[in-house]
Amino acid sequence: MINSGAARLAASSLAVGLCAGLAGCISLFPAEKPVQLYRFDATVQPMQSTGHSFGVRVGMSDFDTAAMGDRIMTVDGDQIAYIDAGRWANPAVKLFDQAVARGFAAPGDAARLVSPNGGKAEYRLRLNVSSFEARYPSGPTSTPTVTIVMRATLDRASDSALIGTRVFEADVPAGDNRIGPIVQAFDQATTKVVGDLVAWVDQKGG
């Protein structure tokens, strides 16, 4: 019969030995590879000046909850997943709002964004981004298409009268099923949606 005290001591010694061995081994492993960060710039081309400038106030976009964070969202049928190899440098909703601000700052643009405390604005603009994702129409090994769907509503600030509402959509196929081409497709899709938005607001408010 094995003495229970000796058995407990032997087990304890073995546990200590394993812990010491693991502690020594941990230092031999390389540090975990950092996740690559990405962003989309959405550079809008200069507009043709209308000669009439007006102020527009826009709040933070109402963004799809599943896509608004820093994870890059993909959709395969009714399944949502996120790309492991990289993330957005900032939450997607923040990057998108920055792209909108740059779009309205393009040379020749009639509409100029007014900050909450920046003075009078003739119009209010509300944005609802219901889709901001890379879709896999033929399964996870196919080449995805980046889809952005956004509804814009423009009101007159003085009396809240509706000036117009419109849905903007962009579908841009990625060049390959790799994170680099997918991010490029997000940039191109954002550029199209923002460019179309700015042109529409210029036309409605001009």
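Me: Buried means under 20% relative accessible area. How many of the 206 residues of the protein, in percent, count as buried?

Reply: Happy to start there, and do keep in mind that this is a predicted model. The protein has 206 residues, and the share of them that counts as buried is 36%.

Me: Thanks! Which elements make up the secondary structure, and in what order do they run from the N terminus on?

Reply: The protein comes to three helices and nine strands. Starting at the N terminus, the order of these elements is α-β-β-β-β-β-α-β-β-β-β-α.

Me: What share of the contacts with a separation of 6 or more is between residues 24 or more positions apart?

Reply: A contact here needs heavy atoms within 4.5 Å. Among the contacts in the protein with a separation of 6 or more, those joining residues 24 or more positions apart account for 69%.

Me: Now for helix α2. Which residues of α2 are buried?

Reply: Helix α2 spans residues 92–104, which is 13 residues. From its first C-alpha to its last it reaches 19 Å, close to the expected 18 Å. Its buried residues are Ala92, Val93, Leu95, Phe96, Ala99, Val100, Gly103 and Phe104.

Me: How are α2 and α3 oriented to each other?

Reply: Helix α3 covers residues 179–205, and its axis lies 9 Å from that of α2. The two pack at an angle of about 45 degrees, and their crossing is right-handed. An angle under 35 degrees would count as roughly parallel and one of 65 to 115 as roughly perpendicular, so α2 and α3 are oblique.

Me: What kinds of residues form the contact of α2 with α3?

Reply: On the α2 side are Phe96, Ala99, Val100, Gly103 and Phe104, and they meet Thr190, Val193, Val194, Leu197, Val198 and Val201 of α3. By type, the residues of this contact are nine nonpolar, two polar and no charged.

Note on methods:
Residues numbered from 1 in each chain as written. Predicted model: local features only at pLDDT ≥ 70, side-chain atom pairs only at ≥ 80, totals over all residues. Heavy atoms only, no water. Helix = DSSP H or I, 4+ residues; strand = E, 2+ residues; numbered from the N terminus. Expected span 1.5 Å × (residues − 1). Buried < 20%, exposed > 50% of the residue type's maximum accessible area, 1.4 Å probe, protein only. Axes fitted to C-alpha atoms, helices over the stretch in contact; angles between N-to-C directions. Parallel < 35°, antiparallel > 145°, perpendicular 65-115°, else oblique. Left-handed = near helix turned anticlockwise from the far one by under 90°. Nonpolar A, V, L, I, M, F, W, Y, C, P; charged D, E, K, R; others polar.
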